[in-house]
Amino acid sequence: MAGTAEVTGRVARCALLATVYVAGALLGLSFDPVSDFAALVWPASGLALAALVLGGRGLWPGVAAGAPAANLWAGWSLEPQVHPLVAVGIAAGNTAGALLGAWLLERARVRPALDRLRDVVVFIGLAGLASTLVSPSVGALSLWLGGHLDLAGVPTTWRAWWVGDAIGVLIVTPVVLAWATARRERGRLV
């Protein structure tokens, strides 16, 4: 059974991840999103994956809390306003994509330092391209079911969403992983 300090620490890390996710999402939404949700650069996906790789998949509640907050925040300006169930659907896709990416990288034994060519190639394929298929699929479906997207707009939104997630993962995640790895290495030398 986990001690109080351990639970408190995990809750604090999840709250920090939720806050960082919202900040990354708001940054992404500042890049002229398609259908008001799908940005061509989505730093939040890269931050979420990096957090789950570094801190463990048990931090998923941070993504699950940050994603609907960001979606509701962005959706307040829409008519009709984003229904909380649509935001939860989008958040489920965002969370599942990050979880899948972290799981795939763990199963493939990719080192967070990405210091081997094999790790870089596997990272690009599994995290950058494959796991990023989940979020746009669930997200575009949620928007369509919620009436925020007509059927004709689904492919364009899906494509923009996938590109944004892939770019976020391919750019942001390696930077965070490299920074964290360098920081850990410096700590070992001191």
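Arg109 is exposed, at 67% relative accessible area (exposed means over 50%, buried under 20%, and partly exposed in between, with a 1.4 Å probe and protein chains only). The model is predicted, so local features need pLDDT of at least 70 and side-chain atom pairs count only at pLDDT 80 or more, while totals for chains, interfaces and linings use all residues. Residues are numbered from 1 along each chain as its sequence is written, and side-chain values use heavy atoms, without hydrogens or water.

Arg109 sits in the loop that joins helix H4 (84-107) to helix H5 (117-130). Helices are DSSP runs of H or I with at least four residues, numbered from the N terminus. The phi of Arg109 is positive, near 60°, and the residue is not a glycine. Leu114 belongs to the loop between H4 and H5. Its phi is also positive, about 50°, again in a residue other than glycine. Leu114 counts as buried, with 16% relative accessibility.

The largest pocket holds about 400 Å³ of space. A pocket is an open set of points on a 1 Å grid over the protein atoms alone, with protein on both sides within 12 Å along at least five of seven lines. Its volume is the space filled by probe spheres set on the points, which are joined across faces, edges and corners. The lining has 15 residues, and Ala50, Ala51, Leu54, Val176 and Trp179 are the closest to the pocket centre; lining residues have an atom within 4 Å of a point. Helix H1 (4-29), helix H2 (43-55) and helix H7 (154-189) each give two or more residues to this lining.

Terms used: 1 Å grid on protein atoms, 1.4 Å probe; cavity = no way out; pocket = protein on both sides within 12 Å on 5 of 7 lines; lining within 4 Å.
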